[in-house]
Amino acid sequence: MADREIDYSNPAYYYNRELSWLQFDRRCLNEARSKENPVMERLNFLSITASNLDEFFMVRVASLQDMSKGGYTKRDIAGMTADEQLDAILAEAHAFVGSQYSTYNHQILPALKAEGITMVDDYRELRADEKAFLDEFFETEVYPVITPMAVDSSRPFPLILNKSLNLGALLKRKENAGPGILNRTKKSKKTLKSEKENLEFATVQVPSVLPRVIRLPLEEHPELVNGHVPVRVILLETVIREHMDQLFQSYDIVCAYPFRIMRSADMDIDEDEAEDLLKEIEKSLKQRRHGNAIRLEVEAGIDTRLLDILVEELQLNKDEIFMIDGPLDLTFLSKVRKLSGFDDLHEHRYPAPQEVPELPKGCDIFAQIRKGDIFLHHPYESFQPVVDFISRAADDPDVLAIKQTLYRVSGNSPIVAALARAADHGKQVTVLVELKARFDEENNIVWARMLEKAGAHVIYGLVGLKTHSKITLIVRREEDGIRRYVHLATGNYNDITARLYTDVGLMTCKEQFGEDATAVFNMLSGYSEPRSWNKLLLAPLWLKERFKFLIGRETQHALNGEPARIKAKMNSLCDPDIIEALYKASGAGVKIDLIVRGICCLRVGIPGISDNIVVRSIVGNFLEHSRIFWFANGGRPEIYAGSADWMPRNLDRRVEIVFPLEDPAVKEKAEHILDVELMDTMQASILQPDGTYEKVDRRGKEKINSQMLLGEEAVRTAQAAEEARRQTRNFVPEVPPTHDEVQA
Amino acid sequence: MAIHVFGAIDVGSYELGLKIFEISRSKGIRLVDHMERRIDLGSDTYATGKISYFHIQQAGQVLAEFRKVMDNYRVEAYRAYGTSAIREMTNASLVLEQWEQQSGIHIDVISNSEQRFLDYKSIASKGEEFNRFIKDTCAIVDIGGGSIQISLFNEDKLSATQNMPLGILRLYDQISHIDMRTSQVESIVEELVGAQINTFVKLYLGDRKIHNIIVVDDYLSSVAEAMQTEYVNADKLSDIVRSAGRLGAANVARRLGIMDDSYNLVYLSGIMVNYIMQRFGAEKLWVPGVTLCDGMVYEYAENHKIIPPSHDFEGDIISCAVNVSKRYQGSEERERTLEKIAVAVFDATKKIHGLGKREKLLLRLSATLHDCGKYISMSNLADCSYNIIMSTEIIGLSHIEREIVANVVRFNHSDFVYYEEQNMASDIDRESYLTIAKLTAILRIVNGLDRSHKQKFGDIHITVKGDKMLISVKPGVDITLEKGMISRRAEFFEEVFGLTPVIKQRKS
């Protein structure tokens with residue numbers, strides 16, 4: 001079909017990104033329901049759906065509400081206004097929450113019980129010794145840290161913290177208790193039923209400093225359940241609710257119900273005007289605590305008088321209220337997952353991270369990189385070489401400079417510690433800490449200050465752009481001159497998430513990569529951007545055009561009758577320009593296989609437009625996070641990896657780096673990842689023309705779990721490398737241990 | 001293997017740049033790092049003669065950062081040069097002092113001709129490629145913000161160089177006030193630059209064609225980079241310029257992959273170079289993408305004998321002076337004789353005058369240009385020569401060096417004015433003035449030795465014995481006139497060197 005006949009802006013060709021996000025949550029929920037997963041992993045998936053939904057509300061719903069309130073009527077690529085999107089996603093979110101709790105109540109609880117774990121939600125079910133334990137627990141642990149807050153004329157409605165769990169109560173003054181102090185003299189606009197009845201409102205925040213899941217004392221001589229010593233647990237809010245009368249002793253507790261609110265997490269920072277970005281972000285974080293309430297979760301069956309007060313004070317619409325058929329905030333399930341004594345219910349089929357064959361323990365990492373490019377694939381391969389790369393550089397007298405971008409780092413990051421040590425050793429340490437990394441702002445402010453104190457040159461990035469790229473540059477003075485070692489990756493410099501997220505990385509000392517890496521840091525430090533790059537593709541200026549060119553080139557190859565194919569893997573796909581380029585390529589006959597874990601606005605199966613495109617999503621034991629892009633290029637394949645998704649925010653509003661994989665062995669490894677994932681029949685779901693996903697039809701197909709397969713391959717490769725090393729009798733001088741190794 | 005780390009800083013009119021290089025005998029020059037920061041010093045200076053406080057502070061901070069980067073790379077030596085924005089500042093010394101205090105970086109201000117010469121050296125740093133390109137007829141077009149410099153080569157040697165106020169920013173400023181269609185830009189720019197380019201062609205080329213053009217600029221380099229080549233033929237450049245006129249510069253820049261927002265300047269540069277290529281009849285364009293910093297490191301490496309010279313730059317300077325002399329109808333034969341005798345005297349008295357290689361070059365230039373003022377006035381030769389030299393661009397010379405040459409030529413024809421007597425408006429320092437005195441003393445003697453203009457002293461030997469400088473000439477030459485003249489001219493030589501020149505004839 002000729003281009004000019006197709007209007008690629010037709011909304012029917014696109015799927016709404018918010019609804020697509022919720023589809024991803026559905027796929028996670030499916031994993032929680034899947035009996036093929038061990039029960040503790042099902043808990044984990046259910047917990048993930050809860051945290052995902054929280055993030056969705058704080059970020060996406062908040063943003064749409066702002067648009068709606070601002071009278072923004074522009075339609076998205078799928079042709080929906082902000083109001084239409086809000087209606088659709090709230091309806092979907094309500095249905096989704098229904099599914100979450102149906103899963104919890106009807107599948108997870110029975111499955112836990114069958115293994116000996118009982119969630120007690122009714123105090124009446126407790127044994128006497130359990131009650132005594134909880135009374136003691138409340139008195140000694142809980143009571144000292146809780147602060148009941150009442151509402152009256154001198155104490156306005158308290159600030160309910162975002163995502164905090166609270167107990168709201170209606171109180172009635174005991175008849176013999178004298179005049180009350182909680183007189184609700186501040187009248188509502190409309191007279192609420194509770195006011196008519198002289199009921200007073202109070203709230204108690206369930207303290208986050210205490211564990212929410214309380215393990216009850218063991219029964220004497222318990223009978224094993226499916227081989228486990230049975231465990232009973234209760235949630236902290238249930239205990240507090242039971243002891244509410246101790247908090248308000250002159251009152252009768254008419255009712256008490258848990259509630260939880262979500263606030264907008266959007267921050268409004270004028271970076272152009274901000275003199276000190278760090279201080280400005282700190283200020284905005286404080287303001288964020290007061291963001292508009294956008295969602296209220298209450299226990300189903302809540303007293304309507306109590307609900308009315310909450311709705312009135314928090315100014316919420318009816319569809320923003322979620323009646324929950326079970327405990328609020330299912331993220332507590334990740335704590336249940338950690339209960340000891342149930343190790344056999346965890347996932348053990350996946351091998352632990354393996355040694356990278358080219359980087360055996362104790363090797364001279366720089367010497368190894370000099371031998372050739374090294375490709376890393378986490379978590380199948382260990383992240384330790386990346387930590388060692390920086391740690392060794394910090395202690396190496398020949399290293400002149402270390403430069404790195406940090407987006408999200410772990411709580412006790414060995415990488416940050418190494419950077420601080422390097423600065424302390426007098427090396428030039430330049431660290432870009434992205435202060436605007438959503439939900440990690442406070443963390444990153446702490447890191448930034450710590451690194452500055454250590455003497456590092458900390459930069460906060462470019463005005464108006466988030467620096468999402470993952471790059472490290474080590475400048476080393478060697479016998480034959482200055483050499484630059486570069487690590488480029490798709491994932492953050494976070495040793496914890498590196499065990500859970502699938503990511504790829506490249507270590508190289510090729511001159512052209514080194515030059516580009518140097519230019520990246522100079523640019524981030526405020527120096528001029530080079531006019532062109534040797535190897536790296538950078539957003540926001542170059543990347544989108546380059547992707548469009550690469551896709552367009554496949555289109556041309558297809559039209560010329562040459563081999564044309566695209567295989568690409570990313571977290572999300574919603575950039576309209578890229579989707580249009582893909583439609584054109586598909587229309588020209590290019591076979592396109594996409595592995596998109598999360599949001600996908602591309603519609604498949606549109607005749608003449610996207611019928612050559614297959615989109616699959618893999619939701620598995622590890623979070624699929626790597627971005628790999630493969631282009632057949634008429635039989636001369638090109639392959640890239642990087643930090644960018646095909647989303648407008650990545651391509652237009654962030655500093656992202658995509659890098660070519662050039663070494664033949666490295667190319668082969670990266671392409672193999674794509675091929676294995678495209679063969680997945682266990683964890684993959686296929687996007688349907690209506691925007692929903694269906695698991696791969698396994699009939700007649702081999703059972704392939706790509707994550708498992710890649711893990712097993714990593715084991716075999718590491719074993720083979722170890723065996724080869726054992727058979728080589730060369731004397732290899734030992735490299736002194738790193739600072740971290742000594743410390744350990 | 002000794003590897004030297006060198007830092008080159010360019011304090012330009014629109015940008016401050018630092019390049020870190022490694023230099024070694026085996027590997028030559030290697031760029032390790034570079035950083036540029038846009039600071040528009042030029043617009044302050046050009047408008048008010050001074051740099052604003054804000055820009056002084058900003059530049060000071062950048063220089064302090066440069067210092068840190070150089071320290072991190074453990075730079076052994078550096079050069080920092082200020083160009084036109086600093087040259088034109090009325091309070092340059094105060095600002096430079098402030099920057100030095102703030103950053104520890106000492107900045108030297110270089111003249112336009114020194115700057116262009118370094119640009120030229122930066123191309124020469126490309127080695128064999130440069131030599132291959134200039135073997136054929138060749139012109140270097142050095143495009144700056146305020147002016148362009150066109151230098152012509154003939155058989156490997158620089159034959160002429162001319163500065164014209166046709167800089168890209170200047171042009172941009174001129175045309176930005178004109179209301180016109182995109183398709184008219186090319187013809188309007190051609191009209192603006194045409195008069196001066198055509199005069200240049202008439203003066204220096206006539207019917208001669210220049211086959212190769214080398215462009216040094218900040219603009220066209222991006223087209224070459226985007227096309228992943230340093231070479232563009234005339235037709236290709238023409239195509240690009242025409243399509244930019246048709247489709248808009250932004251679109252063509254985008255198509256070529258130029259993401260720089262200075263595509264308008266790139267377009268103007270393209271139009272101008274295209275026009276020059278057409279007028280010169282050039283076929284091939286080379287855009288080596290070098291900058292002043294590349295010239296600095298090349299000069300440093302060459303001066304410190306870390307790399308062998310790839311080109312005879314002194315020969316270029318002399319050749320340029322010879323062409324200036326030709327324009328003022330000087331006698332090449334006499335100039336060569338004077339130069340030869342002057343060099344002989346200079347070498348023989350080296351231990352006494354203590355001057356170096358560079359001063360010897362200035363003496364050679366003075367000899368070459370010794371009577372260029374005759375073209376204007378035979379009676380006011382001294383001042384006319386001085387003025388011609390001071391108004392003529394001799395590539396490779398600093399302003400002070402040009403003053404030295406001009407004064408040596410002037411005092412060759414008029415009474416010497418002592419340092420203490422001179423007008424204080426001159427910015428020549430005492431040391432340079434001493435050089436003028438020494439070189440004047442030599443040139444006067446040399447001029448006396450060839451008073452007849454018959455090149456009698458083509459074959460001479462000069463030695464110093466005690467307080468005498470013995471000049472022996474071949475037998476059979478009548479040197480009566482010279483003997484008489486030299487006694488008159490020896491007075492100043494004796495005053496300066498404490499030596500009495502004595503002419504004697506060798507025995508047959």
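Student: Two strands pair if DSSP finds at least two bridges between them. In β15(A), which residue is the bridge partner of A:Lys403?

Tutor: The bridge partner of A:Lys403 is A:Leu473 in β15(A). Helices (H or I, at least four residues) and strands (E, at least two) are DSSP runs, numbered from the N terminus. Residues are numbered from 1 along each chain as its sequence is written, and chains are lettered from A and ligands numbered from 1 in the order in which they are written.

Student: How many bridges join β11(A) to β15(A)?

Tutor: There are 5 bridges between β11(A) and strand β15 (residues 470-478) of chain A, and the two run antiparallel.

Student: And do β11(A) and β12 of chain A run parallel or antiparallel?

Tutor: They run parallel, with 6 bridges joining β11(A) to strand β12 (residues 428-433) of chain A. Within this pairing, A:Gln404 stands opposite A:Val431 of β12(A).

Student: How many residues of β11(A) are buried, then?

Tutor: Of its 8 residues, 8 are buried (20 or more other C-beta atoms, placed from the backbone, within 10 Å of a residue's own), so β11(A) is largely enclosed by the rest of the structure.

Student: Moving on, how many residues does the contact take from chain A and from chain B?

Tutor: Chain A gives 15 residues to the contact and chain B gives 17; residues are in contact if their C-beta atoms, placed from the backbone, lie within 7 Å. On the side of chain A that touches chain B, at least two residues each come from β11 (399-406), β16 (481-489) and α15 (511-524) of chain A.

Student: Into which domains is chain B divided?

Tutor: Chain B has domain 1 (4-110), domain 2 (126-289) and domain 3 (316-505). These bounds come from an automatic or database domain assignment. The C-alpha centres of domain 2 and domain 3 of chain B are 40 Å apart. Their contact takes 8 residues from domain 2 of chain B and 6 residues from domain 3 of chain B. On the domain 2 side, strand β8 (residues 157-164) of chain B supplies the largest share, 7 residues.

Student: Which element of chain B has the lowest mean pLDDT?

Tutor: Helix α11 (residues 249-256) of chain B has the lowest, at 66, whereas strand β4 (residues 77-82) of chain B has the highest, at 96. Where pLDDT is low, the predicted coordinates should not be read in detail. For chain B, the mean pLDDT is 85, with 93% of its residues reaching 70 or more.

Terms used:
This is a predicted model: local features need pLDDT of at least 70, side-chain atom pairs count only at pLDDT 80 or more; totals for chains, interfaces and linings use all residues. pLDDT is the predictor's confidence in each residue, from 0 to 100. Two residues are in contact if their C-beta atoms, placed from the backbone, lie within 7 Å. A residue is buried if 20 or more other C-beta atoms lie within 10 Å of its own, exposed if 12 or fewer, and partly exposed in between; C-beta atoms are placed from the backbone.
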